[in-house]
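Please find below some numbered remarks on the model under review.

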Amino acid sequence: MTPRFDMIGLVVSDPAASLAFYRRLGLVFPEGAEDLPHVETALPGGARLALDTEDTVRAYHPGWRAPDGGGRVSLAFRCASPAEVDGVYQDLVGAGYHGELKPWDAVWGMRYAVVHDPDGNAVDLFADLAG
């Protein structure tokens with residue numbers, strides 16, 4: 001048997017703030033999810049994104065501590081066009097989220113930008129330049 005990739009899990013410090021961020025990117029979470037210690041949503045392709053509070057993680061891993069310093073994980077959202085990358089970036093930054101890298105035309109042929117979610121995880125926005 002070969003394991004099958006199924007879920008990306010993020011530990012969040014403020015569930016309401018994280019849900020608001022990911023909902024702005026089009027992910028759908030159940031109503032009232034802000035009050036739950038664990039919530040997840042289906043992603044295109046069959047995988048899931050799960051958000052767990054720090055207290056939830058400490059309940060089964062008492063020694064867990066939030067990392068300090070830069071993140072090592074990023075999530076990437078494909079946009080339909082370079083203009084959509086710019087628009088989504090501006091929407092998120094205008095809503096108060098940290099814009100790490102403004103949209104640029106990458107040498108690998110994509111329009112790219114990076115925004116941080118409320119816990120400092122990098123969220124890449126990208127679209128093919130030609131298309």
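1. Strands β2 and β3 run antiparallel and are joined by five bridges. Strands here are DSSP runs of E with at least two residues, helices are runs of H or I with at least four residues, and both are numbered from the N terminus. Two strands count as paired if DSSP finds at least two bridges between them. Five residues separate β2 from β3 in this hairpin, and G45 in the turn has a positive phi of about 95°. T41 has L49 as its bridge partner in β3, and V39 has L51.

2. Basis. This is a predicted model, in which local features need pLDDT of at least 70 and side-chain atom pairs count only at pLDDT 80 or more, while totals for chains, interfaces and linings use all residues. Residues are numbered from 1 along each chain as its sequence is written, and side-chain values use heavy atoms, with hydrogens and water left out.

3. Faces of β2. Buried means under 20% relative accessible area, exposed means over 50%, and partly exposed lies in between (1.4 Å probe, protein chains only).

4. A47. This residue sits in the loop between β2 (38-42) and β3 (48-53). A47 counts as buried because its relative accessibility is 13%. Apart from neighbours within four places in sequence, A47 is in contact with F5, D6, T41 and A42, contact being heavy atoms within 4.5 Å. A47 and I8 are 39 residues apart in sequence, with their C-alpha atoms 7.7 Å apart.

5. Three-stranded sheet. The open sheet has the order β1-β3-β2 with mixed pairing. β1 (7-12) and β2 stand at the edges with a single partner strand each, so one side of each has no neighbour in the sheet. The twist from one strand to the next averages 20°. Helix α1 (residues 15-24) packs on this sheet and touches β1, β2 and β3, its direction making about 160° with that of β3. Axes are lines fitted to C-alpha atoms, for helices over the stretch in contact, and angles run from 0 to 180 degrees between N-to-C directions.

6. Four-stranded sheet. A second open sheet, also with mixed pairing, has the order β4-β7-β6-β5. Its edge strands are β4 and β5, each pairing on one side only. Neighbouring strands are turned by 15° against each other on average, direction ignored. α3 packs on the sheet, touching β5, β6 and β7, and its direction makes about 15° with that of β6. Strands β6 (residues 110-116) and β7 (residues 122-128) run antiparallel and are joined by seven bridges; V115 has V123 as its bridge partner in β7.

7. Aromatic pairs. Which pairs deserve a look? The whole structure holds six aromatic pairs. Rings of Phe, Tyr and Trp (its six-membered ring) pair if their centres lie within 6.5 Å; planes under 30 degrees apart are stacked, over 60 edge-to-face and the rest tilted. F21 and Y97 form an edge-to-face pair, 4.7 Å centre to centre with 75° between the planes. F21 lies in helix α1 and Y97 in the loop between α3 (82-94) and β5 (99-105), so the pair ties together parts that are 76 residues apart in sequence. F21 is buried, with a relative accessible area of 0%, and Y97 counts as buried at 15%.

8. Tryptophans. W104 and W108 also form an edge-to-face pair, 6.4 Å centre to centre with 85° between the planes. W104 is partly exposed, with a relative accessible area of 29%, whereas W108 counts as exposed at 52%. Together with Y112 and F126, these two residues form one aromatic cluster.

9. Cavity. One cavity of 30 Å³ or more is found in the whole structure. Residues lining the largest cavity include V12, P15, V39 and L51. β3 gives the most to this lining, with three residues. On a 1 Å grid over the protein atoms alone, a cavity is a set of points where a 1.4 Å probe fits but cannot get out; a pocket is an open set with protein on both sides within 12 Å along at least five of seven lines, and lining residues have an atom within 4 Å of a point. Grid points are joined across faces, edges and corners, and a volume is the space filled by probe spheres set on the points.

10. Pocket. The second largest pocket has a volume of about 180 Å³. Its lining includes I8, Y22 and L49, and strand β4 (residues 74-78) gives the most, with five residues.
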